[in-house]
Each structure stands twice: as C-alpha cells, then as structure tokens.
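The following questions ask how particular terms apply to a protein model. Please study the structure before reading the answers.

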Amino acid sequence: GGSDKLNTSVTLNKLTAGTRYMIRVWATDGSGVSQPIEKTVRTEDDIPSLPRLLRTARDIENGVELNWLPPVNPNGVITSYVIEYGTNSIFTTISGTVLTQKSLTHYNWTGPEFPTNYMRVRAVNSANTDTGTMSEPSNVLEFCLGKEKAPDEPTGLREVTEQASTTSVYIEWDESPPTTCDGVTWYELSYTMDKTCTCNVTNITTNNTCYNLTGLVEDATYYITL
C-alpha cells in the first residue's frame, strides 16, 4: 500500500530578530532515528528596542558624562547611538544631535550654557526597514550647564498706552536672559513721584515681563525703575 507524503518544510515563529540559530533535523521511522543534519541560520535585523538613560550622569568640567544601558532587544548588532538634546522635555524642537562612535554606552557631552537642557538617546543597528534603523527614544534626562551669576539688567522697559487709565499704567519689558539653571525668578519694580526716594517699592515674585500699576494719582509724573 501507499503512504502519505510527509512535509519537508516548517516555519519557525516567535524568533528573535538579528539572532543566529542552530537547526537540526532528524528522520524517524519504525526502525529508529537517523543522524541529524544541521544548519545555522540568522534572522533579519529589526529596529532595536529603546536604550535607557541612567540618572547617575556625572558632572565634568563644562559638561556632563552621560551613561545609558543598551537595548534589552538589540534585534541585530548595535552600531552607534544618537544623542538628541533640546530645551524642553517633550522635544517639540530638537536643538541638535550627536552620533556616537561604535556601540559605546557613555559620552562626555559639552553644550550651550543655559537654559536647561534635556537629553535622550536612540540606538542604531544595521536594520533596513521602512521606518529606518533607529529605536524609539529613551527616557529623558534633564540637566543644566554653566556657572551661575547675577542676571543682566532688564531692557526694553515701555508703557502700553492702550491699557492705561487716569490712575493706572501698564508697563512691559524684555525678558532677561537666563544666567542660572532656574532662570530669572522675579523682578523688582520700584516707582515714585520723587527721584530721590525709593518709595512705594513693589516686588513682582514671578517671571512675568509685564505689570499693571494701579492706585496712582491722576495727572502725576512717576519715575519707574526695574
């Protein structure tokens, strides 16, 4: 009698991308098991999983030493890392990028002083996919560079006449550039009817660059210092 034809192929699923596997095949019948045949195969590369920035970045002279953990699933051979930095934690604008050499997981970064910088890292391998070769970004690290000093004097003090009244005046000024990691915390505004007196001092405890002076005397001249 005849016998059913056996399959001589199989699809192996749930393998890891960019990984070598040793495959062995045996034939069996009622008399026993044959010697195996062997073949080494390698799955195609895929985009790596994201790396993880460590919160133990160490300050160095005029910079910071970044350290990160490699992807849990490299899905191939990691060839480099891309460091992205910006001025906000959601990276609406990427200020610049740095491509590291080889697969090192640390980098001594020096960049612009102030304002606060935000960094994240992407892993790169040799995958050739429709979405590129870079991983999703890592967690975000926040740090600030620069030697702190007193702020420069404010500039551009001006009156907004459209919002003035007989007993109030609305003033604006330009924001002072940051000279500390926290930036300008508040402005001190003084106004008086006598140049020789620093009376009626008003402290603005926010970083607003405008203020509405109220309760003034009608038809009077005031001297304002910021």
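Q: Why does Tyr187 count as buried?
A: Buried means under 20% relative accessible area, exposed over 50%, and partly exposed in between, with a 1.4 Å probe and protein chains only. Tyr187 has 4% relative accessibility, so this residue counts as buried. The model is predicted: local features need pLDDT of at least 70, side-chain atom pairs count only at pLDDT 80 or more, and totals for chains, interfaces and linings use all residues. Residues are numbered from 1 along each chain as its sequence is written, and side-chain values use heavy atoms, with hydrogens and water left out.

Q: Why is Trp68 called buried?
A: Trp68 has 2% relative accessibility, so Trp68 counts as buried.

Q: What makes Trp68 and Tyr81 an edge-to-face pair?
A: Rings of Phe, Tyr and Trp (its six-membered ring) pair if their centres lie within 6.5 Å; planes under 30 degrees apart count as stacked, over 60 as edge-to-face and the rest as tilted. The structure holds two aromatic pairs. In the pair of Trp68 and Tyr81, the ring centres are 5.3 Å apart and the planes stand at 65°, so the pair is edge-to-face.

Q: Why is Tyr81 called buried?
A: The relative accessibility of Tyr81 is 1%, so Tyr81 counts as buried.

Q: What makes Arg120 a charge over the ring of Phe91?
A: A charge sits over a ring if NZ of Lys or CZ of Arg is within 6 Å of the ring centre and within 35 degrees of the ring normal. Arg120 lies over the face of Phe91, at 4.0 Å from the ring centre.
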